[in-house]
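Let's go through this one by asking and answering. Take a look at the sequence and the model first.

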Amino acid sequence: MKLKLNPYFCGLAICSLLLAGCENLDRSRDTANPNVAGKTLALQVCATCHGVDGNSVSPFFPKLAGQQPDYLVDQIKNFRSHQRSDAVGVQHMWGLAKNLTDAQIKEIANYYASQPSEPNHVKTNPVEMAQGKAIYDKGLLDKGTPPCIACHGPNGQGMGAFPRLANQHADYIIKQLQVFQDTDDRPGTPMKQVSHPLTSDEMKAVAMYLESFPIEAKLN
Amino acid sequence: MSDFMAIKKSELASGHRNILHLATVALTLLLLTLATKTSYAIPAFARQTGQNCVACHAGGQYPELTPYGRYFKLTGYTQGERQLIPLSAMFVGGMASTRNNVGTSSDGSTVTTSNINQQNGRFEADNASVFLAGKILDNLGLFSQFTYGWAASSNNGGVNNQGHFGIDNFDLRYADHYAGPTHDLIWGASLNNNPGVTDVWNSHPTWAYPYMSPQGARGAFAGGVPVATYLESGAGAQTAGYGAYVYLNKNFYAELDAYQSATGATSFLAYGNNNSNPNFPKAYLKGTNPYFRLAYTTEWGAHNLMVGAMGMNAAQYGYNSESAGMVSGGPPNLSGGTTNYQDRGIDAQYQYLLNPHTVTAQVRYLKENITDNTIGGPAGNLVNKLNSVFGKVSYVYNATYGAGLGYQNVTGTADSNAYGVANTGLSNWSASANNSPNSTAWIPSIWYQPIQNIRLTLQYTAFTKYMGGTSCYNDTTQGNPCRKASDNNTTWLYAWIAY
């Protein structure tokens with residue numbers, strides 16, 4: 001067969017090779033290359049779902065903006081080690097975390113922790129807000145559920161390994177409470193016991209309250 | 001005629017037993033061996049990212065893409081970890097059953113009957129694909145699919161079930177992504193084989209519901225309306241396309257491609273189609289044929305929306321063996337003029353994605369002007385028009401149970417050479433008595449996905465109009481019995497397996 005080279009094809013092929021001939025560390029999406037900076041991976045990979053500034057649009061994906069860096073490090077490492085095995089985490093995060101180095105994980109965590117958390121604009125139900133605030137501030141002592149505020153802080157900002165909850169998507173909070181309550185897929189936290197007595201309505205109330213931060217000012 | 005009739009993607013396959021075919025079989029076997037050793041027995045992209053199918057496919061409803069899946073494609077299939085052997089395999093097979101499978105032909109005095117689909121009501125393999133797909137370099141990635149169809153051709157010498165191996169999809173991309181707090185820009189370039197293979201929305205005909213149809217005569221009805229525009233027909237899936245695109249701030253998308261005949265170094269983009277194969281002749285385009293795609297996208301909460309536009313001008317040569325109203329393949333007739341297709345369309349897609357619910361909906365309107373300058377070409381009129389409307393909505397629960405409903409409606413200029421009895425390439429059951437292409441189909445389906453690699457689908461294709469008629473659309477002047485549009489209603493139960 002006579003081989004006739006198409007000049008357009010050759011041009012494109014040559015350009016492709018020239019342009020792609022070496023690593024592009026500044027804008028790489030390679031999750032298995034330890035030389036790619038954590039911030040680069042945050043912008044090129046994580047941001048697709050969690051947002052460039054960590055304020056994800058879809059409640060399918062948790063907001064990471066302003067999150068406690070220690071908590072983020074713990075979670076990514078737990079995905080990497082498969083210690084955290086909730087279904088959505090397995091489906092989306094195990095693969096991404098698989099080859100990340102400790103340094104990359106720390107850089108990703110620091111990047112998102114440094115982003116300002118944006119408040120949500122959601123319609124609220126005053127009765128539900130009051131119920132949510134009561135659970136958050138005082139717990140359900142008759143059921144043995146301690147106040148959330150004890151670990152997650154007066155403004156829901158979290159502390160160390162305890163995550164920030166303020167402004168988090170309500171749907172995400174509810175689903176994680178269900179994971180804690182129904183499964184052992186997120187071991188190593190007291191949340192199994194904490195969430196055990198919560199009803200669906202109570203979960204929703206506290207989740208809506210947290211999603212609506214800083215609604216607290218309006219309630220006082 | 002075949003230019004006007006829907007050339008389903010599954011029909012692109014075929015098979016001569018050549019070296020590449022053997023190599024593909026060997027590689028497939030190798031892949032299957034490897035697949036048994038990995039914890040992620042899923043296609044190449046999933047192995048590359050380490051993620052589940054649902055990360056990129058809405059509710060696991062491949063090929064429909066999530067926003068993340070669209071991003072993965074737009075950034076050149078480069079996210080994740082490069083694989084040593086980036087191969088995948090796919091199989092589709094099942095049972096198609098048409099309500100009235102008895103076809104007739106008449107010489108004016110004697111009516112002869114024969115089954116339209118020889119395999120009606122039997123389980124059959126339809127097609128198998130091998131994918132070479134994945135990250136090559138930080139900015140370079142590939143999605144390619146080659147398909148073998150067990151019954152890709154049903155009319156080669158009257159032999160049914162003739163297999164064929166050929167190219168299905170090819171998209172080699174270079175892409176870069178600039179992300180920052182105030183801007184977001186993805187740009188890229190692609191070498192591809194089909195206008196639309198580059199697209200990331202499932203309102204584009206290349207990736208639209210019902211995604212698949214059975215092969216050859218088995219697929220005569222299951223895929224829906226029998227007439228399609230150039231962009232819908234897949235007729236361009238054997239051309240050489242050079243394109244570039246930008247996606248700005250996750251809002252504005254623009255793409256421009258130029259398509260040419262796949263000859264010389266790019267002839268692999270038409271692999272399986274050649275001048276000596278009357279059933280799978282290679283398509284020859286005149287010069288450079290432009291294709292454009294525009295889209296606006298937005299998202300709020302768990303919802304996302306796209307509204308877009310697309311268009312193509314294609315000038316395609318006929319064939320030397322062409323007779324009035326029938327394209328029978330063979331070498332191209334490069335001096336006989338071209339059939340010019342001018343397609344313009346608008347489309348939209350909506351998605352709601354929040355576990356355990358997935359709702360997706362697509363609509364599309366395509367308008368086509370066909371100017372047939374060929375001598376004795378596929379159309380009798382110099383200018384024909386086609387209008388095609390498509391809509392579909394589907395729901396998936398927990399990425400496991402799904403249901404969808406599709407709608408297809410095509411209307412156009414009556415043309416005896418293209419759609420009527422003057423087209424000797426059409427059977428009594430496929431030719432229109434009033435020379436009209438007007439057809440309407442409803443396609444409901446339900447599916448079950450026990451694991452992410454396997455989907456079992458029960459699909460029904462119901463025609464309320466077929467080739468211009470409802471109760472007696474076919475030609476009866478020579479004694480053929482009347483055929484109703486609903487006689488063509490077809491049930492297809494099939495499995496789609498991917499590893």
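Q: How many residues of domain 2 of chain A are in contact with domain 1 of chain A?
A: First, some housekeeping: this is a predicted model, where local features need pLDDT of at least 70, side-chain atom pairs count only at pLDDT 80 or more, and totals for chains, interfaces and linings use all residues. Residues are numbered from 1 along each chain as its sequence is written, while chains are lettered from A and ligands numbered from 1 in the order in which they are written. Chain A splits into domain 1 (25-113) and domain 2 (126-219), with bounds from an automatic or database domain assignment. Counting a contact when C-beta atoms, placed from the backbone, lie within 7 Å, 13 residues of domain 1 of chain A meet domain 2 of chain A, and the number on the domain 2 side is 17.

Q: How many charged residues are on the side of domain 1 of chain A that touches domain 2 of chain A?
A: Ala, Val, Leu, Ile, Met, Phe, Trp, Tyr, Cys and Pro count as nonpolar, Asp, Glu, Lys and Arg as charged, and the others, Gly among them, as polar. On that side of domain 1 of chain A there are three nonpolar and five polar residues, and the charged ones number five.

Q: Which helix of chain A gives the most to the side that touches chain B?
A: Here 40 residues of chain A are in contact with 40 residues of chain B. Helices (H or I, at least four residues) and strands (E, at least two) are DSSP runs, numbered from the N terminus. Helix 1 (7-20), helix 2 (38-50), helix 4 (87-92) and helix 5 (94-97) of chain A each bring at least two residues to that side. With seven residues, the top contributor is helix 1 of chain A.

Q: Which helices of chain A do the buried residues of helix 11 of chain A pack against?
A: A residue is buried if 20 or more other C-beta atoms lie within 10 Å of its own, exposed if 12 or fewer, and partly exposed in between, with C-beta atoms placed from the backbone. By that count, nine of the 12 residues of helix 11 of chain A are buried, including Met203(A), Val206(A) and Leu210(A). They pack against helix 7 (126-138) and helix 9 (170-182) of chain A.

Q: What span is expected for helix 6 (residues 102-113) of chain A at 1.5 Å a residue?
A: The expected span is 1.5 Å times one less than the number of residues. Helix 6 of chain A has 12 residues and reaches 16 Å from its first C-alpha to its last, close to the expected 16 Å.

Q: Which residue stands opposite Ala179(B) in strand 7 of chain B?
A: Two strands pair if DSSP finds at least two bridges between them. Strand 6 (residues 162-179) of chain B and strand 7 (residues 184-192) of chain B run antiparallel, joined by nine bridges, and a hairpin links them through four residues. The residue facing Ala179(B) is Asp184(B).

Q: How many residues of strand 3 (residues 111-115) of chain B are buried?
A: Strand 3 of chain B runs antiparallel to strand 2 (residues 102-106) of chain B, with five bridges between the two. Ser106(B) has Val111(B) as its bridge partner. Strand 3 of chain B is hardly covered, and the buried count among its five residues is zero.

Q: Why does Thr464(B) count as partly exposed?
A: Thr464(B) sits in strand 17 (residues 454-465) of chain B. Leaving aside neighbours within four places in sequence, its contacts are Thr440(B), Trp442(B), Thr470(B) and Ala485(B). Thr464(B) counts as partly exposed because its C-beta neighbours inside 10 Å number 13.

Technical notes
Two residues are in contact if their C-beta atoms, placed from the backbone, lie within 7 Å.
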